[in-house]
Amino acid sequence: MKLSIHITYFHNKNISNQTGKLKHNKIFYLQKIIKSYQKIKVQKKIFIHTNNTKILKKKICGKDISFIYHNLSNQNPRTLPWKCRDLINKQKNYFDYFIYTEDDILFTKTNFSYWLKHKDDCLKRKFNLGFLRFEYDLKRKKFLTDLTKSLFKFVKINKIKYIVNDQNPNCSFWIMDKNELKQFVKSKYWAFNWSNKNYKAYYDTEIMSAIGWHGLNMDRYIASVLPIINNTIHEGAYVHHIPNNYAGNKKGFGSLSVKQVLKKNLK
């Protein structure tokens, strides 16, 4: 079992690169997510795509890490998330699983085990096994980053109840096995050349890369779904957006608590 992980890190030399309510430097988040990936006990390689390899090599090390420099002179820095795709395409026959992620999404071995267990059942029915980003507020209460309303639609897959995320399946990363990837690279969504841009169908430049093939109005999956285990969404479906930018907002993103994601009591 071989896993290829691609992370995009943009370093802005003109600002402090501090984000989130805790005001940590972005490299702190990158270090944290790399340590989490390194705990996944499979053969793996981590590729960090960046416009500044020099600063990262001083802060991050590991035999399983490669730094790939992309010159963004006279280019919109928001195109950096697309720079990794040529390499991913070249790797499609050499790795079993692929992850593309932004630099502040904490993906754990629990998340990986969850995905391995449920993804095939979903794919057979043309569903995408989903994830939900969450954040902590200052009182350590969990809030959803990408949903503003509770979910209430369900499907049954292989005797397991799944809740349908038909609001916003964005989770700032995507994960695929090599069979899915081989289909993905042939689709119109793989290359950075789509048209008729709008938020619902095509998101923006950065998000479009991170949404992968499971965005709303794309043509691969019926919907993104999450399994219900013991009357609640499987714990492996939650990934932490570690800057905690939105948690506890009075309205909009970050206003819906994890406990409110299910519209009704499932007992």
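Does Lys26 count as buried or exposed, and what is its relative accessibility? At 14% relative accessibility, Lys26 counts as buried, because buried means under 20% relative accessible area. Keep in mind as you look around that this is a predicted model.

Let's step back to the whole chain for a moment. The protein chain has seven helices and 16 strands. Of its 267 residues, 53% count as buried. If you take the contacts between residues at least 6 apart in sequence, 71% of them join residues at least 24 apart.

Now back to Lys26 and its partner. Side chains of opposite charge can pair when their charged atoms come close. Here, the side chain of Lys26 forms a salt bridge with that of Asp103, at 3.6 Å from N to O.

The whole structure holds eight salt bridges. Another one joins the side chains of Arg133 and Asp146, at 2.7 Å from N to O. Arg133 belongs to strand β9 and Asp146 to the loop between β10 and β11, so the pair ties together parts 13 residues apart in sequence. Arg133 is buried at 8%, and Asp146 counts as buried at 7%.

Finally, turn to the surface. Lys35, Lys39, Lys41 and Lys109 gather there in a patch of positive charge. You can find Lys41 in the loop between α1 and β4, where Lys41 is exposed, with a relative accessible area of 77%.

Note on methods
Residues numbered from 1 in each chain as written. Predicted model: local features only at pLDDT ≥ 70, side-chain atom pairs only at ≥ 80, totals over all residues. Heavy atoms only, no water. Patch = residues over 30% accessible without salt bridge, like charges linked within 9 Å, V, L, I, M, F, W, Y side chains within 5 Å. Areas by Shrake-Rupley, 256 points an atom, 1.4 Å probe, with all protein chains shown as cover. Salt bridge = Lys/Arg side-chain N within 4 Å of Asp/Glu carboxyl O. Lys, Arg positive; Asp, Glu negative; His and termini not counted. Charge placed at Lys NZ, Arg CZ, Asp CG, Glu CD. Helix = DSSP H or I, 4+ residues; strand = E, 2+ residues; numbered from the N terminus. Buried < 20%, exposed > 50% of the residue type's maximum accessible area, 1.4 Å probe, protein only. Contact = heavy atoms within 4.5 Å.
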